[in-house]
Amino acid sequence: MPRTALRICPLCEATCGLTLTIEGATVTGARGDRDDVFSRGFICPKGAAFGQIDADPDRLRTPLVRRDGRLQEATWEEAYDAIAAAVPGLVAEYGAQSVGVVLGNPNVHTMAGALYPPLLLKTLGTRNLFTASTLDQMPKHVSSGFLFGDPLAIPVPDLDRTDFLLLLGANPVESNGSLCTAPDFPGRLKALRARGGTLVVVDPRRTRTAALADRHLAPRPGSDALLLAALAYTLLAEKLAAPGTLEEHVEGLGELGAALGSFTPEAVAPACDLTADEIRSLARELAAAPTAAVYGRIGSCTVEHGTLASWLVDVLNVLTGNLDRPGGALFPLSATDRAPRPAGPGKGFTVGRWHSRVSGHAEAKSELPIAALAEEVETPGEGRIRTLIAIAANPVLSAPDGDRLDRALAGLDFMVSVDPYLNETSRHAHVVLPPPPPAQSAHFDFAFNAFAVRNQARYSPPAIPLEEGRMDECEIHARLILAVSGLHGTPPGAVDERIIADTLARAAADAHSPLHGTDPSEQAGRLTGRTGPERRLDMMLRLGPYELALDDLLEAPHGIDLGPLRPRLPEVLKTRSGRIELLPDPIAAELPRLRAALADRPAGLVLVGRRHLRSNNSWLHNVPALTGGSNRCTLQVHPQDAARLGLTDGGRARVAADGGSLEVPVEVTEAVRTGVVSLPHGWGHDRAGARLGVASATPGANVNQLLDGTRIDRLSGTAVLNAFPVELTPLP
C-alpha cells in the first residue's frame, strides 16, 4: 500500500513543505503540504518532480576511485583509504595552502553542507576557500558587514505587510526568491497588490515578475547602483529622508549627502537610459508610502558595482525609515541562531585580511573569488593548489572560463568530489563520494531560515530508510574530515561528539548563553536524537532564542510557527561603533569609480542571464520532467536588434566576448529591451566523461565561457556575470 511522508523541499531557497507518496522505497508523487506552517501547500514544478530527482538513474550509487587513469566503482573503505593515503601526505609535503576547498550552491540545501565544512576547513588549515557566493550573493554579505558589522545580518523585505515593494535585478516568480526565503513568492506579490500596495520592478527583461508589477522600469543593465544613488540623492536633496527612530542608531547620515552629490537624476538618467522624471517620481513614491521595502538580488549583485548597489538598497531602507520596521526590511531570527545578546559594539567587519597568491584578490568573508581558482591551480610556485576538495560544486559550468578551469583541474595531484553525479567538474576527481537521494536524508534549513520572511522551524526525518550500500551524507562528511586529518579509521560519530563537547563548553563559559554555568557533560547527556547530526540540531535549538528542542520539532511535523519578523535593532549591530555605519570607508573609497561610470555609454549589446522556474543553476538539467518548454538555452534578442543584425527566430548566432565565443540558437522576443541579449546560466553539458544522459542530450551553451574571469566587483570579488559587452554575428 502506498504511504505518505512529509519532506521539506531542498531544491531552492523557498523551502516548501511537500507531501510525498511512497510505494516501497520509491517516491511516486509529490504535492504541497497544505498544513505546512510556512508554505501552506504551495509547490512549484521542481518540487512536483521530486520523485524523478530522487530516482534519477544517473545518480551514483557507490564511490568512484581513479585507478590507472580511469574512475571505477569502489567500496566506501577503498574510497576513504585512497583519501587517507593521499591528502595528509600532500599537505605535509606542500603545506596547508596547497589545498583548496570549493563549496557549491547545493551545499547550503543539505544538513551536511551546513554542519561539516567549517570543521573541514579548520582541520585543513587552508585559506583557499572558494564558494558559489562569489558568483551570486557576496556583495550583499560585504555591504551588510560594512553597514551592520555582521555579513550574515541581511534584512529581508517584509512581504506580507509592506505597502510598497521595489525589486531590482530579481525575478522571484521564476527563481522562487533568493536571500529572501518566501514560499509562494508570486502569491505574496499578488496579495501585496490586492491589499492596495504597489509593486515596482526594475529589470532589463520583461520577466514574469515584471508582468505582475504596477510599474516596470527597464534600465540599461549594470546601472542599478547609479539608479539607487540617484534615488538616495533625491530623498536627501528634497528633504524627503525620514529615518525616524533609526536616526539614533545611525552614523554617517550627515556625510552621505556630500558623498552622493554627483548622482543627480539628470546626471544618472543617460547612463541608466531612464528619464530624470522617472527617477524623481520613484523616489517620491518610495518616501510617501506608509511602509516600503527595497530588495535587490542577483541582477544587481553580479555586476561591476554589485557591492555598492547592495549597500544602496539598505541606504534607501534607512533613509525612508523602513529598516527594522514591520512592513519594511527586517532581520529574521532563526531557531538555531544564537540567543540574543545585549546590544553593544562588536568586532566589526573587514575584507582583505589575506589575498590570493597569483592576482592578489582580497579575501571577503574568509573566501577568495572563485574566478581566481583556475590560476591558483595552474600557476607554479609555493602555495599552488595541488589538492582540491569540491563539495556539491560544478565550477566548470558555474564559474568564468570553464575551459581554463577544466584544463587546470586535470593537472591536480589529487581531487575529492562529494557529489551525486559524475558531472563536468567531478569527472576530474580521484575519488567521488556520492550522497544518497534526498528522500533518504534528514533535512533542516540552517541557512535559509536566517533569511525567511516569517520566523518558523521545521524538520524532516528521512522519508525512506537508507538504501543498502549507501552512506548518509553527514557520515560521508565526517569520514572525510577524519581521512584528511590523519584520523582515518576513527568512528565517524567522534566528529559530532567533539563538536558537541566544544560547543557546550563555550556555552557554559558564556555569560549570555542560556546554558551559562551548567555542566557541559550533563547538558550533552540531555541531548536527544538518533544520530550525531540530530543531537547537534537539538543542541543548537536549545542554545537558540526560542527555548526549543528537537522533540518539539518531531512532535510538530508540519513545523512550528514562530511569528512575524520583529524589530531587532540595536541587538544585531556588531560594528565597532555599535551603530549602523552608513558611509563606511571602503564604500566611500569606491564611489569615485561609480562616478566615472556616469560617462559610460556602451555602444553595442550587453548580455544578461536569466532564471527558469524549472531549473536551479547547473544541477537540475538531468530531470526529464524539468526539461523543455521555456527551460531552454536560447539567446533572447529584441526584434529591433535582430532585424538590424540579420538574426532570425530559430536561427543561430555566434556571440563573442572577453573569454571567447559560443554558437547559440536565437529567440527573437520583446521580453528583452533593445541593446540587451539574454542567455541563461548553468548550461554546457557536452564534456566527455560526464554521466548526465538527459542533460547531455540537450547540452546548451555555457554562457560563462564568454568571460575570462577578469571582470569582478572589486569590493566583494564577485564575478561579473551580467551586463558585459558582447558581439553578435548571424550564422547560416
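1. Helix H10 is largely enclosed by the rest of the structure, because 11 of its 14 residues are buried. Here buried means under 20% relative accessible area, exposed means over 50%, and partly exposed lies in between, with a 1.4 Å probe and protein chains only. The buried residues of H10 are Asp224, Ala225, Leu226, Leu227, Leu228, Ala229, Ala230, Leu231, Ala232, Thr234 and Leu235. Helices (H or I, at least four residues) and strands (E, at least two) are DSSP runs numbered from the N terminus.

2. A remark on provenance is in order. This is a predicted model, in which local features need pLDDT of at least 70 and side-chain atom pairs count only at pLDDT 80 or more, whereas totals for chains, interfaces and linings use all residues. Residues are numbered from 1 along each chain as its sequence is written, and side-chain values use heavy atoms, with hydrogens and water left out.

3. The length of H10 (residues 224-237) agrees with expectation: at 1.5 Å a residue its 14 residues should span 20 Å, and its end C-alpha atoms are 20 Å apart. The expected span is 1.5 Å times one less than the number of residues.

4. What follows H10? The helix is followed by lysine 239, whose phi is positive. The value is near 55 degrees, in a residue other than glycine. Lysine 239 lies in the loop between H10 and E12, and its relative accessibility of 74% makes it exposed.

5. Aspartate 273 also has a positive phi, of about 65 degrees, although it is not a glycine. Its place is the loop between helix H12 (265-272) and helix H13 (276-288). With 38% relative accessibility, aspartate 273 counts as partly exposed.

6. Which residues does threonine 575 contact, leaving aside its neighbours within four places in sequence? They are Phe146, Leu147, Phe148, Gly149, Pro345, Gly346, Gly348 and Glu581. Contact means heavy atoms within 4.5 Å.

7. The structure holds 40 salt bridges, a salt bridge being a side-chain nitrogen of Lys or Arg within 4 Å of a carboxyl oxygen of Asp or Glu. In one of them, arginine 579 pairs with glutamate 251 at 3.9 Å, N to O. Arginine 579 lies in the loop between strand E19 (560-564) and strand E20 (580-581), and glutamate 251 in strand E12 (residues 250-251), so the pair ties together parts that are 328 residues apart in sequence. Arginine 579 is partly exposed at 27% relative accessible area, and glutamate 251 is partly exposed at 33%.

8. Aspartate 406 forms a salt bridge with arginine 427, with the closest N and O atoms 2.7 Å apart. Because aspartate 406 lies in helix H18 (residues 402-409) and arginine 427 in the loop between strand E16 (414-418) and strand E17 (431-433), the pair ties together parts that are 21 residues apart in sequence. Aspartate 406 is buried, at 12% relative accessible area, and arginine 427 counts as buried at 17%.

9. Glutamate 522 and arginine 526 meet through their side chains in a salt bridge of 2.8 Å, N to O. Both lie in helix H21 (residues 520-526), 4 residues apart, about one turn of the helix. Glutamate 522 is partly exposed with a relative accessible area of 40%, and arginine 526 is partly exposed at 45%. Elsewhere, salt bridges that share partners join Glu238, Glu266, Arg280 and Arg284 into one network.

10. Helix H3 (residues 76-94) and helix H19 (residues 473-484) have axes that come within 8 Å and cross at roughly 35 degrees. Axes are lines fitted to C-alpha atoms, for helices over the stretch in contact, and angles run from 0 to 180 degrees between N-to-C directions. The crossing of H3 and H19 is right-handed, that is, the near helix is turned clockwise from the far one by less than a right angle.

11. Trp76, Tyr80, Ile83, Ala84, Val87 and Pro88 are the H3 residues that meet H19, where their partners are Glu475, Ile476, Arg479, Leu480, Ala483 and Val484.
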